[in-house]
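Subject: Handover of a structure

Dear colleague,

Please find below the sequence and the structure that I am handing over to you. My findings follow directly after them.

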Amino acid sequence: MRTDSEIATSDFGFERTGGLLIGALLMVSFFSLVVAIYSRDWTFFLYSVWLLTSLRIAAYNGNWDPYWLGIPLSGDSLQLFLRLTYIAHSLISLALFQALFGKELASCRLNGPIKVLQLATLAMFVPAIALAADHSIKLLWALSSGTIFVVLGVLGALSFKAPSKALAWYIGSWLITLAGSIAQIAFSVGFSRTLLDIFNSQVTVVGASLMLGITLAQRMSAERQARIVAERSAVNALHRFRENYNAMPVGIFSMKHDGTILEHNPTFGEMFPVKRGQTSRVGMNWVELTNRESLTAVKEMATNERMMDTELAIESPTGTRRWFHVRAVRKPLRFEGWIEDITPRKEAEGRLKFLVDHDSLTGLLNRRGFELQLLRAIVSSGNRPVHLAYVDLDRFKLVNDLFGHAAGDQILRQMATRMREVIQPPHVTARVGGDEFVVIIDGLTVEDARTLCEALRVELSDRAYQYQDKAFSVTASIGLIRVLDDMRPADALTASDRACSEAKASGGGTVVAYDASSNELLEYLDEIKLIAGMKERLPVESFFTQLQPIVSLRNPESSLCYEVLIRMRDSNGQTVPPSRFIPAAERNGLMTQIDRWVLRSTLEWLDSQPAHRDNVDFCTLNLSGASLNDERFLQDTIALIRAHAESTRKICFEITESIALYDLKTTRRFVDRVKSFGAMVALDDFGAGYTSFSYLKELPCDLVKIDGHFIRDMNLNSANFAIARAVVELTHELGMGCVAEWAENADIVRSLIRLRVDYAQGYGLSRPLDREQLLTASHSAMLIRDQETASVVMGGATASRESARRITIPI
């Protein structure tokens with residue numbers, strides 16, 4: 001048995017040790033609370049409270065409870081307070097776990113078990129208060145054991161998925177807590193005190209607190225390292241931003257609302273040169289660098305909600321204009337923005353806009369600019385006359401061919417310069433083609449306009465043009481017209497071109513003028529109206545066909561042939577002469593549509609009249625040069641003749657000799673295609689062009705139509721008679737038939753029979769007839785109205801065969 005002195009010494013040591021422990025942990029708790037308050041860190045606050053609850057549990061387990069902090073507790077109140085402390089400690093431990101490793105729990109999806117434990121712990125407040133101490137304490141031990149094992153399981157999962165030093169120390173704190181709980185429970189149920197002496201409440205609290213403190217220290221160290229990394233990254237980003245800021249190709253600036261520059265990058269400084277020795281524009285005013293109008297624009301357009309985006313033009317002290325693209329936003333104390341010098345772009349845009357309406361070689365207006373200028377002149381003229389002069393250099397192509405385009409370009413530049421010297425505002429000069437120029441003469445009478453054109457012709461023609469060491473003498477032809485109010489620019493240009501063509505045809509180096517009453521101008525205006533009517537009503541309403549019989553001179557009573565001729569009615573229903581509308585249609589690109597309509601309507605008409613079609617030997621259709629060289633027309637033709645196979649065998653396509661020779665390869669391809677479908681081909685106006693007998697063998701034609709100029713006066717001109725005879729003999733030798741055009745009287749028909757011509761066509765035999773008049777005819781000879789001619793045809797066919805060998809040429 002120990003003496004009183006030994007007991008007193010033991011109590012003193014016990015109390016001293018307990019006091020030191022309590023004081024140390026309370027200081028740590030107080031320190032954590034201060035840190036939590038100043039840093040506003042929830043984790044340190046939880047740690048501070050956790051230390052207090054841990055001390056409370058340790059005080060009870062170490063039998064210091066009645067003396068802890070001077071709180072008098074005993075009996076049932078002490079047991080209740082103990083149970084509530086256990087529950088609060090568990091809740092704070094779980095909350096501290098979440099605070100320390102919330103990100104790891106969320107990333108590993110382990111928040112669920114912790115929340116379940118928190119709910120279960122909260123639920124323990126009810127049995128802790130309602131049940132007796134023995135029963136409630138057992139439930140608490142069971143919950144504590146379960147909580148420890150679940151937490152250790154979660155920590156084990158985290159150690160594999162998100163390991164860290166802080167996690168390792170935290171796991172250690174829970175293992176110490178687990179060991180203390182096991183020792184306390186073992187002692188309570190009757191096991192030896194040995195385990196409890198090792199893992200008593202003091203050891204457990206100190207060990208767990210120490211390891212949890214290390215966990216917090218590790219967390220703080222990790223956060224500090226993260227801050228250091230973030231700071232370094234921010235510094236690097238700031239350096240990169242500064243480098244980019246200084247290297248930006250646009251000027252970046254900040255300025256006060258009064259225009260004082262606060263900051264800018266080097267590019268901004270390069271945009272606005274200052275006095276020598278000055279390197280910064282900081283402190284200068286925006287007005288000094290640009291002008292007051294631009295500062296006003298920035299103030300008015302830049303707002304807090306919307307960034308201004310505009311282009312500003314600034315006149316420099318040297319008188320040149322600079323353009324800037326400015327974007328800025330208003331801040332409470334300043335403007336932030338950037339500025340870009342777009343002067344080169346604006347100058348390029350100006351050049352492009354100039355080239356839209358101007359010729360790049362001469363600087364004069366181009367075709368588009370001319371049309372716009374002419375429209376403006378017509379609209380604003382009122383009663384003021386407007387004339388258009390078309391200027392063309394004579395033999396300019398020869399200069400290009402002999403000396404090259406460089407010489408030609410130099411002449412054109414010199415020509416433009418001379419025109420500017422003569423043609424002054426309000427008159428306007430333009431280049432509309434290679435060596436073709438026009439002059440819009442505004443407000444002069446026709447006499448004054450002609451005088452001006454004459455002066456221009458003299459200036460362009462009387463002085464030689466220089467190129468290197470060579471001098472070229474080139475004259476100019478000018479066509480002048482009065483521009484009428486209802487004229488389109490294209491029509492006015494074509495009319496003046498015709499006047500210029502007349503000037504060139506008369507020898508060149510002259511001026512031809514058409515006033516408002518000139519027959520040539522009136523004829524052209526009529527043609528314009530005619531073409532407009534053709535386009536509006538093409539093809540059905542404007543056109544119709546007539547048939548001119550082609551009479552067989554060998555078998556007149558057994559042959560029905562004719563040529564399909566296109567005819568036109570104007571808007572008043574009057575028939576327009578073919579000599580008027582066909583050349584107009586060719587000049588305006590309408591012949592292909594007309595040819596397509598004629599072919600379609602003829603094939604459809606023949607199909608609708610099968611009895612008549614079966615009695616026809618052939619019917620000829622004229623093809624224009626535009627159609628023959630149009631691939632689309634060829635495709636449409638093949639499609640039509642495929643769709644009308646029976647009628648196609650009666651069709652004979654007439655191709656003019658000059659057109660056939662222009663592109664012999666294309667002509668041969670067309671001939672081969674249509675003949676493969678059973679159609680025939682005739683060579684029209686043979687002898688009128690550049691006749692070459694050699695090409696006849698290249699074209700597998702069925703008929704040759706001798707040009708009417710040789711037939712009309714063959715009885716009065718021995719040369720024409722001889723040519724006609726030669727053509728007839730040649731076609732027969734080549735196995736072709738021949739047709740004589742322009743058979744105007746019985747004498748010509750008689751001579752044709754003597755020459756053994758196969759077919760004849762002309763007014764002496766029959767004029768063109770409506771289609772219905774041929775439906776009842778069994779042969780073409782029935783349609784001859786002149787009795788003498790009919791007698792010659794009917795009676796002379798046999799005689800012509802008998803006397804073919806006794807042909808004489810009239811003198």
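Predicted model: local features only at pLDDT ≥ 70, side-chain atom pairs only at ≥ 80, totals over all residues.

I begin with a helix and its sheet.

Strand 7 and strand 8 (residues 436-442) run antiparallel and are joined by 4 bridges. Within this part of the sheet, Ala-430 stands opposite Val-438 in strand 8.

As background, strands of a sheet pair through backbone hydrogen bonds, in either a parallel or an antiparallel manner.

Another open sheet of 5 strands has the order 2-1-5-4-3, and its pairing is antiparallel. Its edge strands are strand 2 (261-264) and strand 3 (308-315), each of which pairs on one side only. The twist here averages 30 degrees from one strand to the next. Strand 3 and strand 4 (residues 321-330) pair in the antiparallel sense over 8 bridges. Asp-309, for example, has Arg-327 in strand 4 as its bridge partner.

Two helices lie across strands of this sheet. Helix 12 (residues 292-301) lies across strand 1 (251-256), strand 3, strand 4 and strand 5 (334-341), and runs at about 170 degrees to strand 3. Helix 13 (residues 343-357) lies across strand 3, strand 4 and strand 5, with an angle of about 125 degrees to strand 4.

Is Ser-316 buried or exposed? This residue has its place in the loop between strand 3 and strand 4. Its relative accessible area is 17%, and because buried means under 20%, Ser-316 counts as buried. Ser-316 and Leu-289 are 27 residues apart in sequence, and their C-alpha atoms are 9.6 Å apart in space.

Strand 14 (residues 561-569) runs parallel to strand 16 and is joined to it by 4 bridges. In this pairing, Cys-561 stands opposite Phe-618 in strand 16. Strand 16 is also joined to strand 17 (residues 651-656), again in parallel, by 5 bridges. There, Asn-622 has Glu-654 in strand 17 as its bridge partner.

The cysteines deserve a separate remark. How many disulfides does the model have? The count comes to 0. Cys-619 illustrates the reasoning: the closest cysteine sulfur to its own is that of Cys-652, at 8.5 Å, which is too far for a bond, because a disulfide requires sulfur atoms within 2.5 Å. Cys-619 is buried, with a relative accessible area of 0%. Cys-500 also counts as buried, at 1% relative accessibility.

Finally, some totals for the protein. It has 31 helices and 21 strands. Of its 811 residues, 46% count as buried. Among contacts with a separation of 6 or more, 65% are between residues 24 or more positions apart.

As to confidence, the mean pLDDT of the protein is 79, and 82% of its residues reach 70 or more. Over residues 804-811 the pLDDT stays under 50, and the model has 14 contacts beyond four places in sequence for this stretch.

A colleague

Methods. Residues numbered from 1 in each chain as written. Heavy atoms only, no water. Pairing = 2+ DSSP bridges. Axes fitted to C-alpha atoms, helices over the stretch in contact; angles between N-to-C directions. Contact = heavy atoms within 4.5 Å. Buried < 20%, exposed > 50% of the residue type's maximum accessible area, 1.4 Å probe, protein only. pLDDT = per-residue confidence, 0-100.
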